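Here are my notes on the model, written up as you asked. Have the viewer open while you go through them.

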Amino acid sequence: MIKQQVFVTRKLNPEVIAMLEKVAEVEQWTKNAPIPRELLLEKIKHVDAVLTMLTERVDEEFLTSTKRLRIVANMAVGYDNIDLEACRRHEVIVTNTPDVLTESTADLAFALLMATGRRLTEANRFLLQGEWTAWSPTLMAGQNVYGSTIGIIGMGRIGEAVARRAKGFGMRILYHNRKRKPQAEQETGAQYADLAELLQASDYVVLLTPLTEDTRMLMGEKQFSLMKETAVFINVSRGGTVDESALYQALVDKKIWAAGLDVFAVEPVPMDNPLLQLPNVVALPHIGSATVQTRAEMARLAAANIVAVLSGRGPLTAV
Ligand code: DGY
């Protein structure tokens, strides 16, 4: 009998590979960079399962390069790198890694909110460049976090976890979502608002929506113009949800106060992206879920999905 085959597109914990080896032969791309596309298409020809990262595009070309693929297990909660419709046509199951990354991504969103509001990276650069000559009443003065108003766009699991943190900071919580979340409203005191209302009233606007055709470029010139001049914009969703040139213009024209960005339209963000030149932008390299523990959990869940499907059971977390 031919043994089932799995291809893993990045180096993962040996424990995770051992899980997969119980049901299949496993090949792994072990370099610390995405596998070149041509090679990937070659490697997946005869596999039953692929464990992907968000750096791999799973599209028609990918799917027609394989002969017996049954599951793509994406090691991320987001799956905008995957053409779901094409997977449906090819009868390939898609899974993601929800829940296990909720709290650490919410931690990062809140850390970025605080770093941006309180100018942490700017203050750190200032000190390291030897510019700190005296204490001053206005030196690196930021915006209040405690007691301010947060507007969460996209009240999924991570949005709710951010709201719980905001409650601890005595913040008034507004949210905008496709549907109302009565339980979150009860737990955190969050109030539903339409998008314009949220943008006008919030001191911190935190974008957490998945990237879909409905949310692409959700934040553009009009939306930034509704925000307060003292407001901080935080994006921990996907870069495609924001019109980056409109954001740049809003920051330069002082229509908004600062931005904290964990995600960009093009990643890795090119160093000549003008947003990177602005002192009031805190930029991070897409590290929302990047803790040692969470990444291990994500890898384990992605592998568990593959094991379940290759053992003839249903996936654990199908998209
Ligand atoms: C996700 O899971 O979608 C994050 O963006 C990557 O950790």
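How many nonpolar, polar and charged residues does the shell around the ligand have?

1. The shell has 4 nonpolar, 3 polar and no charged residues. For the classes, Ala, Val, Leu, Ile, Met, Phe, Trp, Tyr, Cys and Pro count as nonpolar, Asp, Glu, Lys and Arg as charged, and the others, Gly among them, as polar. The residues surrounding the ligand are Leu54, Ala76, Val77, Gly78, Leu101, Gly288 and Ser289; a residue is near a molecule if its C-beta atom, placed from the backbone, lies within 6 Å of it.

2. A word on confidence: this is a predicted model, where local features need pLDDT of at least 70, side-chain atom pairs count only at pLDDT 80 or more, and totals for chains, interfaces and linings use all residues. Residue numbers start from 1 along each chain as its sequence is written. Mean pLDDT (the predictor's confidence in each residue, from 0 to 100) is 97 for the protein, with 100% of its residues at 70 or more. The scores are ipTM 0.92 and pTM 0.95.

3. On to the open sheet: its 5 strands come in the order E2-E1-E3-E4-E5, with parallel pairing. Strands here are DSSP runs of at least two residues and helices are H or I runs of at least four, numbered from the N terminus; two strands pair if DSSP finds at least two bridges between them. At the edges sit E2 (25-28) and E5 (93-95), each pairing on one side only. Inside the sheet, E3 (residues 49-52) and E4 (residues 71-74) run parallel and share 4 bridges, with Ala49 partnered by Ile71 of E4.

4. Now E11 (residues 258-261): Ala258 and Gly260 point one way, Ala259 and Leu261 the other, and all are buried (20 or more other C-beta atoms within 10 Å of the residue's own; exposed is 12 or fewer, partly exposed is in between, and C-beta atoms are placed from the backbone). E11 pairs with E10 (residues 232-235) in the parallel sense over 4 bridges, and Phe233 has Ala259 as its bridge partner. E11 is also joined by 3 bridges to E12 (residues 281-283), again parallel, with Gly260 opposite Val282.

5. Last, have a look at Asp59, in the loop between E3 and helix H3 (60-64). Asp59 counts as partly exposed because 13 other C-beta atoms lie within 10 Å. Asn13 is 46 residues from Asp59 in sequence and 27 Å away in space, C-alpha to C-alpha.
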